[in-house]
Amino acid sequence: METQTQNAVTWHIACHVNDIPEDGGGCALIDGKQIAIFNFARRGEWYATDNQCPHRQQMAVSRGMIGSHEGEPKVACPFHKKTFSLQSGQCLNDDSYKINTFPVMVKENLVYIGI
């Protein structure tokens with residue numbers, strides 16, 4: 001995959017825009033790490049997080065349902081229903097859990113993830 005470095009962030013091509021369903025998620029392997037990518041079409045926004053849920057260490061976050069809570073975009077782990085902010089990665093229903101978030105850039109129908 002192609003990479004570009006900009007402002008201490010290395011941008012990696014993750015997928016094509018059409019690979020991620022509208023208002024849903026998908027997963028890409030970048031530098032040996034599973035990254036969950038979300039196309040929050042209702043908000044016109046893209047997000048990327050760890051795919052691994054810290055609760056039970058399962059690679060499932062990309063299959064979670066996305067929505068909003070008091071204006072904050074979120075994803076719920078499909079197995080445990082732990083809910084994470086797509087902006088900060090903080091668990092919204094248990095302060096002891098957090099996932100990493102990554103910047104997303106969409107350009108020429110390609111989705112780039114910054115690591």
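A nonpolar core is a set of buried Ala, Val, Leu, Ile, Met, Phe, Trp, Tyr and Cys residues joined through side-chain atoms within 4.5 Å. With that idea in hand, welcome to this predicted model. The largest nonpolar core has 14 residues, and Phe38, Val61, Ile66, Val75, Phe84 and Leu86 touch the most other members. Strand E4, residues 33-40, gives the most to this core, with three residues.

**The cores**
- In soluble globular proteins, nonpolar side chains tend to be buried together.
- Leaving out residues up to four places away in sequence, Val75 touches Phe38, Val61, Gly64, Met65, Ile66, Lys82, Thr83, Phe84 and Leu86.
- There is also a second, separate core of 13 residues, and Ala14, Ile35, Phe102 and Ile113 are among them.

**The open sheet**
- Four strands make an open sheet in the order E3-E4-E5-E9, with antiparallel pairing.
- Strands E3 (24-30) and E9 (101-102) stand at the edges with a single partner strand each, so one side of each has no neighbour in the sheet.
- E4 and strand E5 (residues 45-50) run antiparallel and are joined by six bridges.
- Phe38, one of the core residues named above, stands opposite Tyr47 in E5.

**The hairpin**
- Strand E10 (residues 104-107) and strand E11 (residues 110-114) run antiparallel, with four bridges between them.
- Val104 has Ile113 in E11 as its bridge partner.
- Two residues lie between the strands of this hairpin, and Glu108 takes a positive phi near 55°.

**A closer look at Ile20**
- Find Ile20 in the loop between strand E2 (9-16) and E3.
- Why does Ile20 count as buried? Its relative accessibility is 6%, and buried means under 20%.
- Setting aside neighbours within four places in sequence, Ile20 is in contact with Cys15, Gly25, Gly26, Ile37, Phe38, Asn39 and Trp46.
- Ile20 and Asp31 are 11 residues apart in sequence, and their C-alpha atoms are 19 Å apart in space.

**Rings and charge**
- How many aromatic pairs does the structure hold? The count is zero.
- A ring does meet a charge, though: the charged end of Arg43 sits over the ring of Phe40, 5.5 Å from its centre.

**The annotated domain**
- An unreviewed UniProt entry carries the annotation "domain: Rieske" for residues 12-113.

Technical notes:
Residues are numbered from 1 along each chain as its sequence is written. This is a predicted model: local features need pLDDT of at least 70, side-chain atom pairs count only at pLDDT 80 or more; totals for chains, interfaces and linings use all residues. Side-chain values use heavy atoms; hydrogens and water are left out. UniProt positions are given in the numbering used here, feature names are shortened, and annotations may be inferred rather than shown by experiment. Rings of Phe, Tyr and Trp (its six-membered ring) pair if their centres lie within 6.5 Å; planes under 30 degrees apart count as stacked, over 60 as edge-to-face and the rest as tilted. A charge sits over a ring if NZ of Lys or CZ of Arg is within 6 Å of the ring centre and within 35 degrees of the ring normal. Buried means under 20% relative accessible area, exposed over 50%, partly exposed in between (1.4 Å probe, protein chains only). Contact means heavy atoms within 4.5 Å. Two strands pair if DSSP finds at least two bridges between them.
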